[in-house]
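Thanks for asking me to look this one over. My notes follow below as numbered points.

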Amino acid sequence: MNLAVQPALTLLPAPFAAWFSARGWQPRPHQLQLVEHAARGESVLLVAPTGGGKTLAGFLPSLIELASVPKRARAQRLHTLYISPLKALAVDVARNLEIPVSEMELPVRIETRTGDTSPSKRLRQRHAPPDILLTTPEQLSLLLSSPFAPRMFAGLRAVVLDELHALANSKRGDLLALGLSRLQALAPGHRRIGLSATVADPAHLQRYLVPQPQEGEAMARLVKAIGGATPEIAISASQEYVPWAGHLARHAMGDVMNAIRASKTALVFVNTRSQAERTFQELWRINEDRLAIALHHGSLAPEQRRKVEAAMARGALRAVVCTSTLDLGIDWGAVDRVICLGAPKGAARLVQRIGRANHRLDEPSRALLVPANRFEVLECEAARDAVLAGELDGDEPKRGGLDVLAQHVLCVACAAPFDADALFAEIRSAAPYRHLAREDFDRVVDFVATGGYALRRYDRYARLRKTPEGLWRIAHPRVAQQYRLNAGVIIEDPMLDVRLQAKGRPVGAGGRVLGRMEEYFLEGLSPGDTFVFSGEVLRFEGIREDAAYVTRTHDPEAQIPSYQGGKFPLSTFLARRVREMLADPAQWAILPDPVGEWLRVQKYVSLVPKPDQLLVETFPRGSKEYLVCYPFEGRLAHQTLGMLLTRRLERLRLRPLGFVANEYALAIWGLRDMGAADMDRLFDEDMLGDDLEAWLAESALYKRTFRNCAIIAGLIERRHLSGEKTGRQVTFSSDLIYDVLREHEPDHILLRATYEDAATGLLDIGRLTGMLKRIKGRIVVKRLERVSPLAVPALLEISKEMVAGEARDDLLRENEDALVREAMRLG
Amino acid sequence: MDETGIAVNGETLVLTPAGAAWWPAQRTLVLADIHFEKGSAYARGRQFLPPYDTRSALKRIRTLMAHHAPARVIALGDSFHDPYGPSRLDDFEKDCLAEMGRQAEWIWIKGNHDPAPPSWLSGRAASEISIGALTFRHEPSSASARGEIAGHLHPCATITRRGHSIRRRCFVTDGRRLVLPAFGAYAGGLDVREAAIRSLFGERVRAYLLGARRVYAAAA
């Protein structure tokens, strides 16, 4: 019998059908499909837009199963485990789930477990687990490291993974995948439900959800909810003026204010925290009606963020200026418009953000995109087209990190001695690790045991030892304690407290904490510099120990924090669409006049490249020679490219002096005309060999990647059994460790982990490789007499030039020269 | 290699980018806070830093000795990270130290981490030593600044230039006393602005930051 053709309500047990009817609701088709799949014990991925009753769909099968057996007939065992990327979301979902449970009077106990759960409650949960437990990936790892884990999870029937799209392709996703592989061993019969926003490639998540066989691949079933109403996306664009460069969209603040005025509650999304600060300032400058506009980003003190969230929940705010911190999370019913300042960087991100407005499926979400410069106009148009056409960008599924694997191996050992062969097979069943080589696994185990160094100096201090039966066990109970203190894969940049002190007091004399900011930004400030933080203009006074001290100032023209938090590169997919739009003059008609004219002049004086071409322009300007190219691969990939090209140009004796990269282009300048260079050779893929190696050794970003890997893998401990090591100490020593390790054991497993991480992460080497392949034989060179229109945005950013590795000594010399000049000045 | 000479209590010392001071008049090389076997000290607490820090330091010392051919080497204390450090050296590293002991006279100033260097080490141990106008000790004293050459504090300085900040180990001096940077591969640092360092010096204090090929002066 085909269940799907039955009238909806008859599929549900009587109390559930009655509950839906009493509320005047009709179960959604996808909710019923999930019930069906679950009844057959199948794992499913549910792809649904926000507002689709997704969470209830995930729990409905569990509630039905639990309701079908009287509480007394059940052993006290955990039935359903729910994992959310956010602690707050887990708590919110638990609260919402209580409503149907109490209204139907179901005999179901629901609890959460987060970092805030009291020790007594944790203990009770271990011995007498609830029916449904809601938690995070990190807490799951901690539970699995306990010797009680086999008993706690033995009766597990279902796992629900919320916001899976946001977790899967990250280190937290790796950790979760490994946790799931462990659960599979402890409770082989359980089924899984993944809940995801619309994604380009659901197959990747379908594989992630289920254990992978040794050969071939397994996939969870896919259920797609019927899409909501088509969103209304407007693009703010002035016909008179569109800036050439910059990211602040200052010119459009009036439009933004009008959109806020016309909304009940608006979310104003920006891409970086510094943009959030500046936008907040700009809006209040013109907020004549004194509308309640608040600020929310990850650096603000937690109390302040909670205050904003609470005001939002009460409906007391008209707008919140926010970063990706509000991409996910609790639904706020009142939000009826989303305003995206700056380009969206990816179509999927745009869909996610638009979905934050209006949680009813049948009404369209309303969004306003506000491009901050000319290239961003193209990017916004391309993103809107993609969203309306239902096309999304997807990340390439990344391979599981070896650093996360090391942490998991220790986790498993803390629970019980393990057999290496069995654990290897178990880990390979996790999709991100299905290509893991045995040799790499063995090296990771060796790393966990004694550091994995060729010079076997630490065997006597081992963390793991082999038992006579050939099992790996922890050498001492303290190893488990140390693991629990340091577990987790979220590594923040080293941060300093920002403390507000009274004017005229000596620096370091105490003050209220306003929030936390990245150390590298604060260290770049000199006393007297002003910047915007926490919604006000502050004067930097100095750093003492673990805090930066600031005072209030009324300086209206603050130096803006340039910290990078929350910055995303332009997605490959969207980049392609922008290149296509650029190459097709027929599409220019929809662009605002200044942008259309900009492209027409470009076409006249130089050329507009076809989608698969790379345009390289060279021209003199002032006393310098320029080379500008337009790969559209995002700032990170362009910066790496810039480093590599300047090395090559130096070798060709073309004397490059510096370069600047933005999201779309790379500009290099020097003393000699670079137009005669053989561009095919210059841009050849072989630059990714030795030159890259040599540059990586010096790169601060690479060292930061190493630091994160070293912390996650357990080489550097963030916390010791006696008190915490501060971020400042950790960074400094991780650079030293990196230098020593690289010199003496360059093929160490942790350096491998760092390289793999950097290739997809901070440095985007993978992206660069793809680009160099794409443009091979398709480079078009234009030797011009003067700067082209397309080159202007890049040239305007030249003040933010990069400094290459070797040039760091030049800065020291410059500093010394300044000192000498000052000392030698007469009078 | 560019050499930067400074005067301390009338004596000329050359500050090297490797972090050692060279006293040509006495053919004496001075190093501070080598912290041999810091890596293995952490390994005892099951944190497995790469076990190459001792070799890295030895290699750099050997390069310095080959360049300057010193008659005397003074290690300003905390040469070993802990009192058991010497027992954790392997044969290669012990041979290396023995060979260096044959090339120059070594003076091991006692530090707070290594109050008593082992007897088998070539050279002699001392709490402090005075040669000519200079006095060598581990911890800077609060009183006698004149001619004092010390370590212990691991000074570091940060400069900011064109929006980039660079933090490096450094020498600190005001012409009366000199504090050396830590030589050890894993030694952390203390900012020269912190009171523990700043309070030791008078008005005319300078930091010399270690660069790739030379040291660079900066205000401290």
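1. A nonpolar core, as used here, is a set of buried Ala, Val, Leu, Ile, Met, Phe, Trp, Tyr and Cys residues joined through side-chain atoms within 4.5 Å. Please keep in mind that this is a predicted model. The largest such core holds 123 residues, and those touching the most other members are A:Leu81, A:Phe153, A:Val409, A:Leu464, A:Leu641 and A:Phe683. Helix H17 of chain A (residues 402–415) supplies the largest share of this core, 10 residues.

2. Beyond its neighbours within four places in sequence, A:Leu81 is in contact with residues including A:Leu133, A:Leu140, A:Phe153, A:Leu156 and A:Leu183. There is also a second, separate core of 62 residues, with A:Leu326, A:Val338, A:Ala343 and A:Ile354 among them.

3. On to the interface: 51 residues of chain B are in contact with 50 residues of chain A. About 4600 Å² is buried between the two chains, with carbon and sulfur atoms giving 54%. On the chain B side, B:Arg46, B:Phe48 and B:Tyr52 lose the most area to chain A, together 19% of what that side buries.

4. Nine residue pairs, both members at pLDDT 80 or more, are in polar contact across the interface of chain B and chain A. Several elements of chain B each supply at least two residues to the side touching chain A, including helix H1 (38–44) and helix H2 (53–68). Strand S12 of chain B gives the most, six residues. By class, that side has 21 nonpolar, 12 polar and 18 charged residues.

5. The rule finds four salt bridges across this interface. One pair to inspect is B:Asp90 with A:Arg457, where the closest N and O atoms are 3.7 Å apart. Both residues belong to a salt-bridge network that also links B:Glu37, B:Arg55 and B:Glu93.

6. Over all chains the count comes to 60 salt bridges. In chain A, A:Arg124 and A:Glu111 pair at 3.3 Å, N to O. A:Arg124 lies in helix H6 and A:Glu111 in strand S3, so this bridge ties together parts 13 residues apart in sequence. A:Arg124 is partly exposed at 37% relative accessibility, whereas A:Glu111 is buried at 10%.

Definitions and conventions
Residues numbered from 1 in each chain as written. Chains lettered and ligands numbered in written order. Predicted model: local features only at pLDDT ≥ 70, side-chain atom pairs only at ≥ 80, totals over all residues. Heavy atoms only, no water. Contact = heavy atoms within 4.5 Å. Buried area = accessible area lost by both parts, 1.4 Å probe. Salt bridge = Lys/Arg side-chain N within 4 Å of Asp/Glu carboxyl O. Polar contact = N/O pair within 3.5 Å; in protein donor to acceptor, adjacent residues only side chain to side chain. Helix = DSSP H or I, 4+ residues; strand = E, 2+ residues; numbered from the N terminus. Nonpolar A, V, L, I, M, F, W, Y, C, P; charged D, E, K, R; others polar. Buried < 20%, exposed > 50% of the residue type's maximum accessible area, 1.4 Å probe, protein only.
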